Amino acid sequence: MAKENRKKTPQELEEPIVKLDVDYSTVDTDPKKERPFGREYPQSRSRMPEKQLFEFAEYRPQDAERIGYSNYSYWKSVLQNFLKKKPAVIMLCVFILLFIFTYVAEWISPYKVAELQQDNNSIFLLPSSEHWFGTTQAGKDYWVITWYATRVSIGLAAMVAVGQIVAGTVIGLVWGYVRKLDRFFTELYNLIDNIPTIIYMTLIALMIGQSVGIMAAAMIAFGWLGTARNVRNLVFMYRDREYNLASRCLGTGLWRILFRNIFPYLISVIVLRLTLAIPGTIAYETTLSYLGLISEEYSLGILLKNSRDYFLRFPHMLVFPAVIVSIITITFYLVGNAFSDACDPRNHV
Amino acid sequence: MLKYTLKRLLQSLVTVLLIVSIVFLLMRLLPTDYYFREDELMKFTDEQKNERLEAEGLLDPPLVQLGNFFRNMVQYQIKKGRSYSLDQYIYAKLSGQGIDNPKNAKATWAFNLGISRRIQYGQPVQKVIGEKFAISMKIGLISLAVALVLGVVLGVLQARYKDGVFDHVGTAYTVFVNAVPHLVSYSLILIIGNQIFGLPAVYSSRDEFRSLILPVICLAMGSTAGYMLWMRRYMVDELNKDYIRLAKLKGLSSTKIMFRHVLRNAFVPLAQYLPYSILLTVGGSLLVESFFAIPGMGPMLSQAIPRYDLNLVQAIVMLYAGLGVIGVFLGDLLMCLFDPRISLVGKGEAR
Amino acid sequence: MSENSRLETVDFDARAKQILSQEPILSARDVEVTFSLRGNKLVAIRRASLDLYEGETLAIVGESGSGKSVFTKCFVGMLDKNGSITHGSIMYEGEDLTHYTEKDWLKIRGRKIAMVTQDPMTSLNPLKTIGRQIQESVELHQGLKGAEAKRETIRILEAVGIQEPERRYKQYPHEFSGGMRQRVVIAIAVACRPQILICDEPTTALDVTIQAQILDLIRRLQKEQGMTIIYITHDLGVVANVADRVAVMYAGQVIEVGMANEVFFDPWHPYTWALLSALPQLGVKGEKLPAIDGTPPNLFNKIQGDAFAPRNRHALNIDFLEEPPMYEVTATHQVKAWLRDPRAPKVEQPKAIMRLSETQNDKGTDPNAYHPHLDPNRETLVEVKNLQVTFGTGRKKFVAVDDVNFQIYKGETFALVGESGSGKTTIGRAIVRINPVSGGEVLFRGQRVSGRISKAMDTQVIRSMQMIFQDPMASLNERAKVDYIVSEGLINHHLYKDERDREDKVQAALSEVGLLSEFSSRFPHEFSGGQRQRIGIARSLIMQPEFIVADEPISALDVSIRAQVLNLLNDLKKSRGLTYLFIAHDLSVVRFISDRIAVIHKGRIVELAESEELFYHPLHPYTKALLSAVPNPNPYVERAKKLLVYDPSVHDYSVDKPQWVEIIPDHFVYGNQRELDGYRQEIAAKK
């Protein structure tokens, strides 16, 4: 049939020719107007006789508008991707159980942290049914000490991590968005960042004190830098996007632009930094404890420090706190990385 | 280029001086008791203390003390004679008074950062640090060389065989090293090295080689993981870029693309942090050295702090600040050498 | 110099004969490409077939998502990792390319089939010299080494029109402009003398004048090297310029293919009709453009029947049920539309298509149209006086806009046309106070609104002047619901009585731009480009502005969507009495929509006139060059046009200082005394 049509202009064909031009000024394109389903409703077409199949169908603008939707949801994809990372999910469950157990442990043990006494008859006992984790150089029960220290360390880490991230985010947002302050914060950053943090910690320990509270405050005071810079660089990416210009055109104020327009884009990065700040803080705490900058009776760092002199002969001093510390830090490290992978839209494949 | 270099150098110097000043002034807030040895504190009366402080200028207003500190930082020292600060020396020369050196004794220019009062009583600080610095540098440089070679090579291999077995093993290693606190992993290495291979658990100068193996492993372990991680990440980033697609379209095989295009481009961002990390490693790892009782910079700081040896702490801070600032500066310079897009002259893009 | 004056016929019939007499060199049959995306299957190419003949230029046209790029990537084995060819064959030199391994591809890629990619700014290795990057290709495929290879590289650099090739050889990509970089990318592709060259939107990222030069270059190289070219583009003007044959793609299928004259003048697929008639070039000023509603289909869903059916105003019932077969119109022209079936009603093509074949591309304008600037009582709404905008400070200072003057009258559409980096967007942003002004002033209703102004004045400016942005993907906050986005202005200034009132206002604004009321609770990512752009318009409308700066509002949109937005802007102008500053780079669009046009070059306005006047009597050489480069969707006209290249060095402003002069009423031009005299003579000669 194709050969038949060749060279023929429409005018040569015998049948009446339909003019297809639509007067666009009169076409009712109001998509809000509901049109009743006519005989052209797609499902009914399959039963049409052939002649009717080749008739013009009614045009419905809503159908045209409707076909393009995407059902993609960012956070749903993030969650789906995250749940696919089995090691991270398993470790997260383990951690949650472990955290709950720090409270249970003391309760099921005959010893209580507050009541521990120096006992020279029972120093360096190996784990037994009496002392489940053995005893310390002072003859104290290591089980309750270890779990108590775990709770202290997790609390400290959580506090410091949240403090660092909150401070870092707020400073980073302002640093990135307010052009006039860029220079000031950059210089401040360079000034602080050029020197290893351990030096500052040293000075603070020396000048102010070595209690956990002071050290936590110090860790926050010097720990916001990384987050702030990260946030600032991201703000740079979003700052001059057109939707922010649009907000400025509409007269939106600084803080609302920061928290409604920019902050939501940074959540994935912030959560990542938060999860990574926890193992970072715990590791840092052990280092500081080891260097003698924190004076606290029990924390995982202190336990590890105390074990250094004995663990070659009494490995239980090292093993229990080391295993717990490692579980916590590896969990958050894995969770953080899995989350950041899940947040990357390129991985939403 | 030269102009930029000088400008940056000057900036760095200002930064260091600023930090030193702040630290110096902060130190002056501490009680004056810390200027005495522990035994002196016991036996001195308040008057004796005051006399000493007066004599050493420690009761002057802090800003005056700071000025003196900078004035006396560089000295012309005559053996068994007096010392001249820089301005005194110049004045003596210019005014025709001449240098007071009757016996023609040996005279040298030297840094003067004060004396250690508690760790090594009476010793100039720079001398105390100097001895320790040598050993820290040795360990630092060895471990850094090991880490750099291993880290870059392994990182490249990981990127090359991305998602393969080797990549996963490498990633597991970096996760382990980064996630587990160093104190724990050092303990692990110590146990394995000591119990299985019989290596010494603490440093001894008699058996230096063998006793340095574990510390070097510990130091290298962390930075290897760092270099691996970043090298792999930068390589993968580069591999996703448009120009790699064009190189592939040219008909280049993926091996050639790796070596001719990706490797160098991925190394550039790494290069920027190289000098900084070298200088810091050289400065000594506090933890490793304390852990293995190596008489380097590390333990010195942790000894000086609880004993409040102020001059020593101050000098160490200055050293670290200097190293850090120089490291950042060198990193920027290195970056310019590698990346033609960065022009230090600030001419902007040519069209 | 008028572009319509000299018509040179391209003999498409002879080319058709030539093509019919030979076997295809590359033949793709029923190719299906599937991607796995977020656990779903996306069929990007749905059994598409295409033949390629030796020596021809085949253009593949389609909107984004039509699969044109994916389809051709199959010819060089460059599909993304998550995609694979799941059906069909691609025959080349007796082998089926669909079975090729990465190792096999090394024999073909670059050597026989080369490709020029879209974005020249990111396609070159920033750390290697231009010379090395081309030489790599020369060494690999021509077997040359060392000095010999270098000599060949320099020859190629010269061949692609790069001056001082020896010096340029040693330079890095960042020292090249966009157009120059694209020449380098082309040099790399042709260095190995491939048989087939695939150009994937090679000029989309470039300015029109540069685009015209690159098209010329490709055409010249094709002639010299006897290459066969596949040219992928969404721009029908470019197609008209380069193509011997055209394939139109929609939703992963080739729906119409034929010689260029057949597809342009005698198309038979309703989508091709729609695409052509939606071109603003073919629109009649003051009338609605025949827009295509909706958006291309989501390929995640299974498509029943003809994919275009829901948007097709001329769909038959069967279009919703069965996929049409390929019908042959002529031996070289096939179309996949039920309308060609003998059982279908016999139809005539729409008027706009007929209009295209009238070679005079002069649609005429409504003589009764109202032009606000001709009104004796015209009212100046916005006035820009000696405007200067600079960026940076000290040595890095850069003057983006200098000494700009114009008035915008109430009720008119004033267009600002220029290339990227000319400062047109900067002017728009300076007027709405996003960019600070460093010199001169902006007046709104006679009051100064630039620089430091009172808080009350600032609020007033915000309420009466709004902006519509270029990129609908970037101009909406992805993390906020449409409801918040649209009512942001209301919230900022408390322009509502209560929550109920605010919601009503949002609904009113949405319906005014033709969006459903249920959209207000959704997030922007659920919408297509055209819908997003309308959300952006609703956001500005809610402030009840008098004046809107429209910054390239359609340039980031697909061809089929553009008409929707242009129609909407025109409707709003009528219903609300709005005044627009319409910023664009595309003169053809501007001619359709605007009353007066200002042409800007390097931060200076060089010419300003009523739009038809500017098209017929351009004076400034830059305006002439710009006009000559505008692609025309008529292949005969487009191919015959003479390209003028603007060389700024023709102006000698060293002694005789240039001025901004109203040379005849309402026609301004920038030039010195000598040039102005020349322009006056030109005007006199024409009359």
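**Figure 1. The loop of C:Gln544 in a predicted model.** C:Gln544 lies in the loop that runs between helix H17 (529-541) and strand E20 (547-551) of chain C. The model shown here and in the other views is predicted. Most residues other than glycine have a negative phi. C:Gln544 is not a glycine, yet has a positive phi of about 55°.

**Figure 2. C:Ala251, in a loop between two strands.** C:Ala251 sits in the loop between strand E9 (245-250) and strand E10 (253-259) of chain C. The phi of C:Ala251 is positive, at about 45°, although this residue is not a glycine. C:Ala251 is buried, since 24 other C-beta atoms lie within 10 Å. The cut-off for buried is 20 or more.

Figure 3. Is C:Glu63 buried or exposed? C:Glu63 is buried, because 22 other C-beta atoms lie within 10 Å. Which residues does C:Glu63 touch, leaving out those up to four places away in sequence? They are C:His234, C:Pro296, C:Asp558, C:Val559 and C:Ser560. C:Asp96 is 33 residues from C:Glu63 along the chain, and the C-alpha atoms of the two are separated by 28 Å.

**Figure 4. Helices H4(C) and H7(C) side by side.** Two packed helices are described by the angle between their axes and the distance between the axes. Here the axes of H4(C) and H7(C) come within 8 Å. They cross at roughly 20°. Angles under 35 degrees count as roughly parallel, so H4(C) and H7(C) are roughly parallel to each other. The crossing of H4(C) past H7(C) is right-handed. Which residues meet? H4(C) brings C:Ile130, C:Gln133, C:Ile134 and C:Ser137. H7(C) brings C:Val184, C:Ala187 and C:Ile188. By type, the residues of this contact are 5 nonpolar, 2 polar and no charged.

**Figure 5. Where chain C touches chain B.** Chain C gives 29 residues to the contact, and chain B gives 23 residues. Which elements of chain C each supply at least two residues of the side that touches chain B? They are strand E6 (113-116), helix H4 (130-142) and helix H7 (178-190). H4(C) has the largest share of that side, with 4 residues. The residues on the side of chain C that touches chain B are 13 nonpolar, 9 polar and 7 charged.

**Figure 6. Chain C as the setting for the close-ups.** How many helices and strands does chain C have? The secondary structure comes to 23 helices and 25 strands. The radius of gyration of chain C is 26 Å, close to the 26 Å that the globule rule gives for 687 residues, so chain C is as compact as a globular protein of that length. Along the principal axes, the C-alpha atoms of chain C fill a box of roughly 75 × 65 × 50 Å. Of the 687 residues in chain C, 53% count as buried. Among contacts in chain C with a separation of 6 or more, 68% are between residues 24 or more positions apart.

Methods
Residues numbered from 1 in each chain as written. Chains lettered and ligands numbered in written order. Predicted model: local features only at pLDDT ≥ 70, side-chain atom pairs only at ≥ 80, totals over all residues. Buried ≥ 20, exposed ≤ 12 C-beta atoms within 10 Å, placed from the backbone. Contact = placed C-beta atoms within 7 Å. Nonpolar A, V, L, I, M, F, W, Y, C, P; charged D, E, K, R; others polar. Rg over C-alpha atoms; globule rule 2.2 N^0.38 Å. Axes fitted to C-alpha atoms, helices over the stretch in contact; angles between N-to-C directions. Parallel < 35°, antiparallel > 145°, perpendicular 65-115°, else oblique. Left-handed = near helix turned anticlockwise from the far one by under 90°.
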